[in-house]
Amino acid sequence: MTREFLKMHGLGNDFVVIDARKTPYSPAEAEVRAIADRKTGVGCDQFIVIEPAKTDGTAGFMRIRNADGGEVSACGNASRCVGWLLMEEAGAERVAFETNAGILQASRADNGRITVDMGPANLDWTQIPLAEPADTLRLDAVSHGGFAGPTAVSMGNPHAVFFVDDAEAVPLAEVGPVFENHPAFPQRTNVEFVQVLSPTAVRMRVWERGAGVTQACGTGACATAVAAIRRGLTNRKVDVILDGGTLTIEWREDGRVLMTGPVALSYTGRLSPELVAV
């Protein structure tokens, strides 16, 4: 049996999205990797399955798998895409849906953009999590290749945010995997390199856990804004400029993080039997 899918992206961070609310679908890791392969499959950074809602008042459950097949709890750009799909389906201005990181609220913003309330940022070392107690504002023990002392933030997934003078000069493909697998992060980590441009704008490049270099990372943009604000480098509302475009992040006084940005539906298709039979 084949499966219908949607190919979507948020600022170039791309997804295969499958609606499994009527017909269950739980692919093995090898199957996810085959679909995510950019040469022989559809190609994507993350693989998203929308499952039936588990909680009253929500429209569905978003299950997230990285391109390597592993399951993760959060993906900001995919959350905007799924939020848009569910709002379009219901003809609504806002919608709630579930993830392994909790219930998210999506709403329509200006110029076709979507806002998702990503919930509170988690800042304690146990929430990242780290291998041992540490001040998450600056992890001095985490260093490699001239980069050191990132700020650790969890947005339902771990992030290590490095502040640098020139984000474009960072050899991301070289140092990204080293920090992703640093022993300080027992569940591995996403890695951001950030250049502060002004109190209202930063430039961010990202190495995603389980996906590598990507055009954008929504939770990474949220973590970056929180880290910059904690260090006194920006205002509480900041534009995060990624390779694929710009996200607007607001860390409200009540601790919740709002992410606003565009979504795009690239095309729809049907997976071949060979691809889903891996």
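Entry on the model. I noted that this is a predicted model, in which local features need pLDDT of at least 70 and side-chain atom pairs count only at pLDDT 80 or more, while totals for chains, interfaces and linings use all residues. Residues are numbered from 1 along each chain as its sequence is written, and side-chain values use heavy atoms, with hydrogens and water left out.

Entry on cavities. I looked for cavities (sets of points on a 1 Å grid over the protein atoms alone where a 1.4 Å probe fits but cannot get out, with lining residues having an atom within 4 Å of a point), and found three of 30 Å³ or more.

Entry on the record. I checked UniProt, where an unreviewed entry lists under "binding site" Asn13, Gln46, Asn66, Gly76, Asn77, Asn157, Asn190, Glu208, Arg209, Gly218 and Thr219; such annotations may be inferred rather than shown by experiment. Of these residues, the lining of the largest cavity includes Asn13, Gln46 and Glu208, among others.

Entry on two lining residues. Gln46 is found in strand E3 (strands are DSSP runs of E, at least two residues, and helices of H or I, at least four, numbered from the N terminus). Gln46 counts as buried because its relative accessibility is 1%, buried meaning under 20% relative accessible area with a 1.4 Å probe, protein chains only. Its side chain makes a polar contact (a pair of N or O atoms within 3.5 Å, one able to donate a hydrogen and the other to accept it) with the side chain of Asn13, at 3.2 Å.

Entry on helix H1. In this helix, residues 29–36, I found Glu31, Val32, Ala34, Ile35 and Ala36 buried, and the buried residues of H1 pack against strands E2, E3 and E4 and helix H5.

Note on methods. Buried means under 20% relative accessible area, exposed over 50%, partly exposed in between (1.4 Å probe, protein chains only). Contact means heavy atoms within 4.5 Å. On a 1 Å grid over the protein atoms alone, a cavity is a set of points where a 1.4 Å probe fits but cannot get out, and a pocket is an open set with protein on both sides within 12 Å along at least five of seven lines; lining residues have an atom within 4 Å of a point. Grid points are joined across faces, edges and corners, and a volume is the space filled by probe spheres set on the points.
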